[in-house]
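Here is a short briefing on one protein chain. Please look over the sequence and the model before reading on.

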Amino acid sequence: MEEYETMKEVDTAKEDDTEKEKKKHKVLAVFSLILGTVSILCCSFMGLFIIGSVIGTVFGLIALIAGKDKNVRIMGLVGVILGIIGIVFNVMTLIMFVMMMNWDSFTLENLRAAQDIDPNNEQQIKDWIQQFFKIDISPYYQSGNDVYLG
């Protein structure tokens, strides 16, 4: 009788471990979906969310490979796809940003010139920032203190 109870406890412990594993993989799959979606939506922030894309892709791969439940594996696959799309978009954004920069202007002298700028003179600030870009960035500014980025 004691052996039966011991076996029953072992079976219960195995079921608990299996449920924990399923829950862990489901959480990874959901995070993969969230990070992949956010990485696509946030790729316009100069590619800074590429880290989230990579993490989301890794979480999705873990859920896809180790997940036992079909739904978890599907969510993992979708998370991987979204993460890869996010990586591509973020890399493209970073490349475009790097190509817009006038790298010859990034000298210590030009950077120190920021100390001489009057913070209340909007035109001086715009001119100082403009020197670091190959393109004209003046259309991205509105009159007043607001910056227009779209």
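The secondary structure of this chain amounts to five helices and zero strands. From the N terminus, the order of elements reads α-α-α-α-α. The model is predicted.

**Whole chain**
- The chain has 150 residues, and 23% of them are buried.
- Take the contacts with a separation of 6 or more: 60% of them join residues 24 or more positions apart.

**Packing of H2 and H3**
- Helix H2 covers residues 50-66, and helix H3 covers residues 70-100.
- Their axes lie 7 Å apart, at an angle of about 155 degrees.
- Angles over 145 degrees count as roughly antiparallel, so H2 and H3 are roughly antiparallel to each other.
- The crossing of H2 past H3 is left-handed.
- On the H2 side, the contact is made by Ile50, Ser53, Val54, Gly56, Thr57, Gly60, Leu61, Ala63 and Leu64.
- H3 contributes residues including Val72, Arg73, Gly76, Gly79, Gly83, Gly86 and Asn90.
- By class, the residues of this contact split into 11 nonpolar, nine polar and one charged.

**Around Leu82**
- Leu82 sits in helix H3.
- Leaving aside residues up to four places away in sequence, Leu82 touches Leu33, Gly36, Thr37, Ser39 and Ile40.
- Ser39 is 43 residues from Leu82 along the chain, yet their C-alpha atoms are separated by 8.2 Å.

How values were computed. Residues are numbered from 1 along each chain as its sequence is written. This is a predicted model: local features need pLDDT of at least 70, side-chain atom pairs count only at pLDDT 80 or more; totals for chains, interfaces and linings use all residues. Side-chain values use heavy atoms; hydrogens and water are left out. Axes are lines fitted to C-alpha atoms, for helices over the stretch in contact, and angles run from 0 to 180 degrees between N-to-C directions. Helices (H or I, at least four residues) and strands (E, at least two) are DSSP runs, numbered from the N terminus. Angles under 35 degrees count as roughly parallel, over 145 as roughly antiparallel, 65 to 115 as roughly perpendicular and the rest as oblique. A crossing is left-handed if the near helix is turned anticlockwise from the far one by less than a right angle, and right-handed if clockwise. Contact means heavy atoms within 4.5 Å. Ala, Val, Leu, Ile, Met, Phe, Trp, Tyr, Cys and Pro count as nonpolar, Asp, Glu, Lys and Arg as charged, and the others, Gly among them, as polar. Buried means under 20% relative accessible area, exposed over 50%, partly exposed in between (1.4 Å probe, protein chains only).
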